[in-house]
Amino acid sequence: MITLDVQITNRCNYECEYCYSLSNHKEMGEETYSKVIEIAKLLNINAIEFCGGEPLLHSKFEKFTKIAKDFNLILRTNGILLNRFNSLISKYYSWVCISLDGLENENDIMKKSRTIISSKDKFEIPISNIKVLKKLNPNLKVLIGSLVSKLNYKNILKLGNYLVENKIPIDVWKLYLFRPKFARAKLNEEKFILSETEFDKLKFDKLKTLFQKGSKNGGECLIVAYDGNILLGNKIISNIYEPHDKILKSVSKFIAKVSENKTITYI
Ligand code: SF4
């Protein structure tokens, strides 16, 4: 199954020091977006994942969602603005992936905000938004993704305990090892880097049904950036404005590899 990640904006209301996105406050225009949809149909893409930055800050988020309604839609968000769009999201999306990096204190240490948002709000608002979304649509899948680094790994399993004990209605809790790939993550490598050995030690039997770990190599994604560049991982391989045959050639290996995998996993 093939997912296309669409970075509709790299603007964010947070400025996490481990962020992989270069924030220059740009957003994808409507013309570029319609090209993205055209190419997604051409490539037989199954799911579109809106990512950023914070996709909910895009001025045309609602319009873009409705245009892509025939795909499985996935939203990747920090969760704090979800209440602006709860009914839209519960109606059109298959998955919502929310990042939370620990209980209140650890989450606050990991996640820096541009404006003053209390540590309590940073944690409790996404949690209460999850409850609202699940009430509106019990079939909507919710994933909590936690980035694990030197700063939060010792207490990360407390978040898992909290999710279970408080019956927070999520479907998956996924841990990702910090990778200093690019942007602020690369600049702040020393602050966050954690060995795979430490990461591998994290096991939590009580959470078997919720608990997943991100792939060792960080996975490889096909991404369209806000400016129309098409990237595989962090490498630009084409642009949405190039002729169709050129785009098809650039992505063909990736598409063939993913198509072989018959498992239906969008996340
Ligand atoms: S919330 Fe996500 S996109 Fe925003 S700064 Fe943090 S890591 Fe980057």
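This is a predicted model: local features need pLDDT of at least 70, side-chain atom pairs count only at pLDDT 80 or more; totals for chains, interfaces and linings use all residues.
A residue counts as buried here if 20 or more other C-beta atoms lie within 10 Å of its own.

Strand 2 spans residues 47–51. Both of its faces are covered. A47, E49 and C51 are buried on one side. I48 and F50 are buried on the other. Five of the five residues are therefore buried, so strand 2 is largely enclosed by the rest of the structure.

Now look at the strands that pair with strand 2. Strand 1 (residues 3–7) runs parallel to strand 2, and five bridges join the two. L4 stands opposite I48. Together with helix 1 (residues 30–42), strands 1 and 2 make a right-handed β-α-β unit. Strand 3 (residues 72–77) also pairs with strand 2 in the parallel sense, over four bridges. Here A47 has N72 as its bridge partner. The chain gets from strand 2 to strand 3 through helix 2 (residues 61–67), and this β-α-β crossover is right-handed.

Turn next to helix 5, residues 119–136. Its 18 residues reach 27 Å from first C-alpha to last, close to the 26 Å expected. Which residues of helix 5 are buried? They are K122, F123, P126, N129, I130 and L133. These cover an arc of only 135° around the axis, which puts them on the same side of helix 5. An α-helix has 3.6 residues a turn, so residues three or four places apart point the same way. The cover over the buried residues of helix 5 includes helix 3 (86–92), strand 4 (95–99), helix 4 (104–110) and strand 5 (141–148). On the face turned away from the buried side sit the exposed residues K120 and K135.

Technical notes: Residues are numbered from 1 along each chain as its sequence is written. The expected span of a helix is 1.5 Å times one less than its number of residues. A residue is buried if 20 or more other C-beta atoms lie within 10 Å of its own, exposed if 12 or fewer, and partly exposed in between; C-beta atoms are placed from the backbone. The arc is that of the directions from the helix axis to the C-beta atoms. Two residues are in contact if their C-beta atoms, placed from the backbone, lie within 7 Å. Two strands pair if DSSP finds at least two bridges between them. A crossover is right-handed if, with the strands pointing away from the viewer, the path from the first strand over the helix to the second runs clockwise.
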